[in-house]
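Please look at the sequence and the structure below, and keep both at hand while reading.

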Amino acid sequence: MKLFHIGPGTDLDLLADNLWDGRQGDCQRQVIISIRRGRIAAVQPRGIDSTGAGAQQMRLEGLTVLPGLIDAHVHLALDGIDFQASLDRWQDPAAREKALGEALRSSLDHGLVAIRDGSDGEALNLLAREGVRTGKYPGPRVVATGMAITKKGRYGSFLGPGTTDAASVKGLIAGLVHRGVDQIKVVVSGLVTFHLYGEVGKLEFTAAELAEIVKVAHDAGRPVMAHVNSAAGVDLALAAGVDSLEHGYFLTPAQLEVMAAQGTYWVPTVAAIANRLHSAKREVYPEKEIDIIRRTAVAQQEMIARAHHLGVQLVVGTDAGAPGVYHGESYLDELMYWYRAGVPAAAILRAATVTAAAALGLKGELGQVSPGYRPCLIAVRGNPLEDLQVLGQPEMVFIDTP
């Protein structure tokens, strides 16, 4: 993979054989993407007079250009290999910075130009965001949540300090806003267990408590991403008005209809379950649990297909850092789970670019190859509309720099 940095003063014409711009259903042939002063200025058919005087030219023969990919749910502070070892690194500045740098670089190498971090107990995602901004780490843009809002004594102690009452919730949100988080993460329910199909950990907040969390976050101008599983948890989250549902295992068809009507984003993270069957983690599960994991993954795929047909705002996210889910590397896994579920390639690409950018608060900046957008692009050999697998090894990644 070749990485190209585009600065504020860059004037460059990309002569592409094929372009998928994030809007149209098919690829355009023989186009020129004009970048002026670090932004996309024009996209037009290639012609004799279509390049600007004084601009550099780059011919991308045999390649398809498309918007850079976006992973809407990761945990940079975890590695997907060893949970406890990841936590231990948090207290070792040199080791944690090395791990953060590796996760960011792997994300970039696999064509990700933006990621949204779903929190960690030390708010290391804020350090990662600043490191990318300052050029310390080469990596995608990081949309950070800092630490998650959780109920003390319930699931999520590695994501945030835990709250005990309304005052501690408001205090934590105020502190996160002061630190400049981009979004607020709230944990609504516990984990999916593999002991009994459909079993999920307890709900963490009452309807009134969750509604207040969302109101406080929205009043501070911060969208809310909600970790939630079980139909009961999804009901609470939708009633509270969260902006995105994360995971959403065991939600119902009726809830999908509500999500479509409300415009709620759904980040279904199939890989967080299914990849457990395709990694070293499989060895730790008895056969009964393997069957439950398989059934849960299949059910999630069926719901994704139904959500697509209902017009739900689907967004690609992997939960990278979860067991068996690796930064950057597992992104293609998630795309292929959707494709095998029956979602068309063009719809998957929109969920990975246009819709993902909107969910991350980056609409108008990322997700399309259009005038005014940032030139965060990838080039792959082949047509991803015909074969999503070509996204697994991008030949070129373009990112802009401050």
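What follows is a walk through selected parts of this model.

The model is predicted, and for that reason local features are described where pLDDT is at least 70 and side-chain atom pairs count only at pLDDT 80 or more, while totals for chains, interfaces and linings use all residues. Residues are numbered from 1 along each chain as its sequence is written, and side-chain values use heavy atoms, with hydrogens and water left out. The pLDDT, which is the predictor's confidence in each residue on a scale from 0 to 100, averages 95 over the chain, and 97% of the residues score at least 70. Among the helices and strands, which are DSSP runs numbered from the N terminus (helices are H or I with at least four residues, strands are E with at least two), confidence is lowest in strand β1 (residues 2-6), at a mean of 95, and highest in strand β12 (residues 265-267), at 99.

One place to begin is an open sheet of three strands, in which the order is β6-β7-β8 and the pairing is parallel; two strands are said to pair if DSSP finds at least two bridges between them. Because β6 (69-74) and β8 (141-143) each have a single partner strand, they stand at the edges, and one side of each is left without a neighbour in the sheet. On average, neighbouring strands of this sheet are turned by 20° against each other, direction ignored, where the axes are lines fitted to C-alpha atoms, for helices over the stretch in contact, and angles run from 0 to 180 degrees between N-to-C directions. Between β6 and strand β7 (residues 112-117) there are four bridges in the parallel sense; D71 stands opposite I115 in β7, and V74 stands opposite D117 in β7. Although β6 is an edge strand, six of its six residues are buried, so β6 is largely enclosed by the rest of the structure. Here buried means under 20% relative accessible area, exposed means over 50%, and partly exposed lies in between (1.4 Å probe, protein chains only).

A nonpolar core is a set of buried Ala, Val, Leu, Ile, Met, Phe, Trp, Tyr and Cys residues joined through side-chain atoms within 4.5 Å. The largest one has 118 residues, and those with the most contacts inside it are L76, I149, V186, L245, W266 and W338. Apart from this core lies another, of 19 residues, among them V31, Y373, L377 and M396.

Two single residues show opposite surroundings. Q300, in helix α9 (residues 287-310), is buried, with a relative accessible area of 2%, and beyond residues up to four places away in sequence Q300 touches H247, G248, Y249, F250, W266, P268 and V270, contact meaning heavy atoms within 4.5 Å. I81, by contrast, is in the loop between β6 and α1 (83-89) and counts as exposed at 54% relative accessibility.

Finally, the structure holds five aromatic pairs; rings of Phe, Tyr and Trp (its six-membered ring) pair if their centres lie within 6.5 Å, and planes under 30 degrees apart count as stacked, over 60 as edge-to-face and the rest as tilted. The rings of F83 and F158 have centres 5.1 Å apart and planes at 90°, so this pair is edge-to-face. It links distant parts of the chain, F83 in helix α1 and F158 in the loop between β8 and α4 (166-178), 75 residues apart.
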